[in-house]
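User: Please take me through the terms used for this model. For each one I want the value and the cut-off behind it.

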Amino acid sequence: MILETKNLEFSYPDGTKAIDDISITIPEGKKVSFVGKNGSGKSTLFLLLNGTLKPKSGKVLLDGKEVNYSASGLRELRKKVGIVFQNSDDQLFAPTVYQDIGFGPLNLGYSKEEVGEIVGKMLDHFGLQAIKDKPPHHLSGGQKKRVAIAGVLAMDPDIIILDEPLSNLDPVGADEILDILNELNDLGKTIIISTHDVDLAYKWSDYVYLLADSKLVDEGSSGAVFSKEEQVRNSSLKSPFIFDVYKELEKRWLATGNEQPKDIPELVQTLRSIDLMRVEVNPEIKVGECVNLGVLFGDFTQEGLYEAVNSRVLFRNDDGTAVVELKRRVLKPGAIYVYDMDNFDREEFDKIIEEYDIDFIGAMGKKSKDTAESNGINVVCNSGVIDKSILNAITGSRCLILTSEGMVSHTMKRVREYIQNSGIRLIFSPVGKSAAEIGEEQNK
């Protein structure tokens, strides 16, 4: 456990109790959400976790050792635990973006040359080179958030804490921030967020802590916590939208039971497929037995080629025909390919588009989107890219996901998990020299 609290308590000078006997253990390398309504204690807890506030009683432990609140002890704590505030204006104060990102490393004692190297990497990584000389207060909400995260990451902490990371962002900006968080987690960082957005916490988190009235109400996997609907309501929250939709489908026998889909592809996978056809069958075939109808295409199916195997006879007619429930197996699946835009090569890219007959392109991350735009690439999807690529591939499309080097392995992991869990046979592969090398390394 990389970060822990034991019986933590904190009250503000006016007597308001903000944290009441909270004990938590956060494992290294996980994505963790603290969920609760406004005023439940999330922000105060975060300030205790990075030493900004000192508890009235109880302990905060980092790597098993109790936090030392001396100047040197707090300096060491904040090198390992970085925090991004809800309001980026509370965090950005330097005259330019470049100086703001370089502030942390400079105060850690790095040389001017080392600071320049670190800041340059952050500017490239977060797509901020074009605005490096601008005052932070002139930026958009999404740009400010990226600068704030870059400033924290410049100090290379093991744990990154973000208070309401998606507040005041448009959907595309929010998706870009989530791409960044997923990439950082894939690189080994422990990511902790606070939110009252139950849809975000349910879909994104490995582990959830539910807070209400300054107390810890529950903890566990997101599915386990949000399946307790009465407890969630009593905490002044609602059930995740996709969970509610699934429950309604399940009540109507339209979806398989006891599932916990977290995104649209997983929800689609739970839907019951009742596909009936009237066909001629051998007189010896009885109700309940299975027949193989061979390959179906054209008038039988508009989505591609299927083989109807083990189709069960539900009813026999006097004219020698029967009504069967089809069990279809895809013969011509769609495909998902992943390309590393950090090593974009125009000639290589054009060959990939032609060779793999790509008809759907999605871009993840600000830098990938900017590179695609500057090179005239027709990107048709720039948010929810992995989910939308899966949904398009299921219906036969050949999809290409453009992403950064750090996100290639995360993207591959997500798609492989879907293929394994769903049993749907999709073609999937990294393409391009650099992405292929990452894929080979991941397979070792």
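Analyst: Strand 19 and strand 20 (residues 398-403) run parallel and are joined by four bridges. In this pairing, Ile361 has Leu400 of strand 20 as its bridge partner. Helix 14 (residues 385-394) packs on the sheet, where it touches strand 18 (335-340), strand 19 and strand 20. Its direction makes about 165° with that of strand 20. The model is predicted: local features need pLDDT of at least 70 and side-chain atom pairs count only at pLDDT 80 or more, while totals for chains, interfaces and linings use all residues. Residues are numbered from 1 along each chain as its sequence is written, and side-chain values use heavy atoms, with hydrogens and water left out.

User: How do you know that strand 19 and strand 20 pair?

Analyst: Two strands pair if DSSP finds at least two bridges between them. Strand 19 and strand 20 have four, so they pair. Strands here are DSSP runs of E of at least two residues, and helices are runs of H or I of at least four, both numbered from the N terminus.

User: Why are strand 19 and strand 21 said to stand at the edges?

Analyst: The sheet is open, with four strands in the order 19-20-18-21 and parallel pairing. Strand 19 (360-363) and strand 21 (427-431) each have a single partner strand, so one side of each has no neighbour in the sheet. From one strand to the next, the twist averages 20°.

User: What makes the angle between helix 6 and helix 15 parallel or perpendicular?

Analyst: Helix 6 (residues 171-186) and helix 15 (residues 405-422) pack at about 85°, with their axes 9 Å apart. Angles under 35 degrees count as roughly parallel, over 145 as roughly antiparallel, 65 to 115 as roughly perpendicular and the rest as oblique. The two helices are therefore roughly perpendicular to each other. The contact (heavy atoms within 4.5 Å) is made by Asp179, Asn182, Glu183 and Asp186 of helix 6 and by Gly406, Met407, Ser409 and His410 of helix 15.

User: Why is the pair of Lys189 and Asp156 called a salt bridge?

Analyst: The term requires a side-chain nitrogen of Lys or Arg within 4 Å of a carboxyl oxygen of Asp or Glu. Lys189 and Asp156 meet at 2.6 Å, N to O, so the pair qualifies. Lys189 is in the loop between helix 6 and strand 8 (190-195), and Asp156 is in the loop between helix 5 (141-153) and strand 7 (159-163), 33 residues apart. The structure holds 23 salt bridges. Glu9, Lys17, Asp20 and Lys215 are linked in a network of them.

User: Does Lys189 count as buried or exposed, and why?

Analyst: Buried means under 20% relative accessible area, exposed over 50%, and partly exposed in between (1.4 Å probe, protein chains only). Lys189 is at 13%, so it counts as buried.

User: What are the values for Glu325 and Arg312?

Analyst: Their side chains meet in a salt bridge at 3.2 Å, N to O. Glu325 lies in strand 16 (residues 321-325) and Arg312 in strand 15 (residues 311-316), so the pair ties together parts 13 residues apart in sequence. Glu325 is at 12% and therefore buried, whereas Arg312 is at 38% and therefore partly exposed.

Terms used:
Axes fitted to C-alpha atoms, helices over the stretch in contact; angles between N-to-C directions.
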